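Here is a short report on selected local features. Look at the backbone first, then at the helices, the ligand shell and the strands.

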Amino acid sequence: MTLSHRLINLPEAPGAADNRARMIDSPSLPGASRVFELPDLAATEALAASLAANAEKRDVIALSGGLGAGKTAFARGFIRARPGGQEVAEVPSPTFTLVQVYDLPGAPVWHFDLYRLARPEDAWELGLEEALVDAISLIEWPERLGSLLPETRLDIELSPGAQSEARRAKVTARGSWVARFAGLAHG
Ligand SMILES: Nc1ncnc2c1ncn2[C@@H]1O[C@H](COP(=O)(O)OP(=O)(O)O)[C@@H](O)[C@H]1O
Ligand SMILES: [Mg+2]
């Protein structure tokens, strides 16, 4: 099944906009959003793979949602779908290391989990600048970066679906992602 078959536009749940405003500071760049229904892990991995095929150096993908929402599962699917990603032995959650770097052909992928980041500025010590300039950045708990989170980015907000294996992903493209994501969402 191709990704486009899974596309469904849903009305926004009451209070959803308020929740989002709390999760990530209101960006000044306008965004284009789509909601994807993900009935199982394979669907999450398929979405991650489509985005991986369209990602390039300097891209920032912000993965938000509560514990168990599927942020790490998404990142794992993304990294495995990049060139050379099949050869990566393990994609562990960076819960304690805060960042894992994957030196893949084309572009390195930096996978952050900033849940334990005390202050946004501490991200510089993790190498955030190198990631933003020279790599693809996948960032769990992006709200921890406060105003250091780049405005040009792809926001992926994961939330539980109706069944235990189901998730919903609201994907918002901002800046240079808008045109690329439009092609992907309709293709
Ligand atoms: N549709 C789905 N998408 C993502 N994860 C799923 C899905 N269905 C079940 N899961 C499971 O949910 C868990 C998500 O955990 P994880 O990715 O570590 O969450 P987070 O990083 O958001 O805390 C994993 O055990 C994964 O296998
Ligand atoms: Mg995680």
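Is R58 buried, partly exposed or exposed, and why? R58 is partly exposed, because 16 other C-beta atoms lie within 10 Å; a buried residue needs 20 or more. This comes from a predicted model.

## Positive phi in two loops

R58 has a phi near 85°, a positive value in a residue other than glycine. Most residues other than glycine have a negative phi. R58 sits in the loop between helix 2 (41-54) and strand 2 (60-64).

W141 is another such case. Its phi is near 55°, again positive in a residue other than glycine. W141 lies in the loop between strand 5 (136-140) and strand 6 (154-160). W141 counts as partly exposed because it has 19 other C-beta atoms within 10 Å, and the cut-off for buried is 20 or more.

## Helix 3 and its cover

Helix 3 spans residues 71-81 and is mostly covered. Of its 11 residues, 8 are buried. They are K71, A73, F74, A75, R76, G77, F78 and I79. Note that K71 and R76 are on that list.

What covers the buried residues of helix 3? The cover includes helix 2 and strand 2. It also includes strand 3 (99-102), strand 4 (109-113), strand 5 and strand 6.

## The shell around ligand 1

There are 18 residues around ligand 1. T44, G70, K71, T72 and A73 come nearest.

Which helices each supply at least two residues of the shell? Helix 2 and helix 3 do. By class, the shell has 7 nonpolar, 6 polar and 5 charged residues.

## Strand 7 and its partners

Strand 7 covers residues 167-174 and is mostly covered, with 7 of its 8 residues buried. Strand 7 pairs with strand 1 (residues 31-38) through 8 bridges, and the two run antiparallel. Within this pairing, E37 stands opposite R168 of strand 7.

How many bridges join strand 6 to strand 7? There are 7, and these strands also run antiparallel. L158 has A169 in strand 7 as its bridge partner. A hairpin links strand 6 to strand 7 through 6 residues. In a regular strand the side chains alternate between the two faces of the sheet.

Technical notes: Residues are numbered from 1 along each chain as its sequence is written. Chains are lettered from A and ligands numbered from 1 in the order in which they are written. This is a predicted model: local features need pLDDT of at least 70, side-chain atom pairs count only at pLDDT 80 or more; totals for chains, interfaces and linings use all residues. Helices (H or I, at least four residues) and strands (E, at least two) are DSSP runs, numbered from the N terminus. A residue is buried if 20 or more other C-beta atoms lie within 10 Å of its own, exposed if 12 or fewer, and partly exposed in between; C-beta atoms are placed from the backbone. Two residues are in contact if their C-beta atoms, placed from the backbone, lie within 7 Å. A residue is near a molecule or strand if its C-beta atom, placed from the backbone, lies within 6 Å of it. Ala, Val, Leu, Ile, Met, Phe, Trp, Tyr, Cys and Pro count as nonpolar, Asp, Glu, Lys and Arg as charged, and the others, Gly among them, as polar. Two strands pair if DSSP finds at least two bridges between them.
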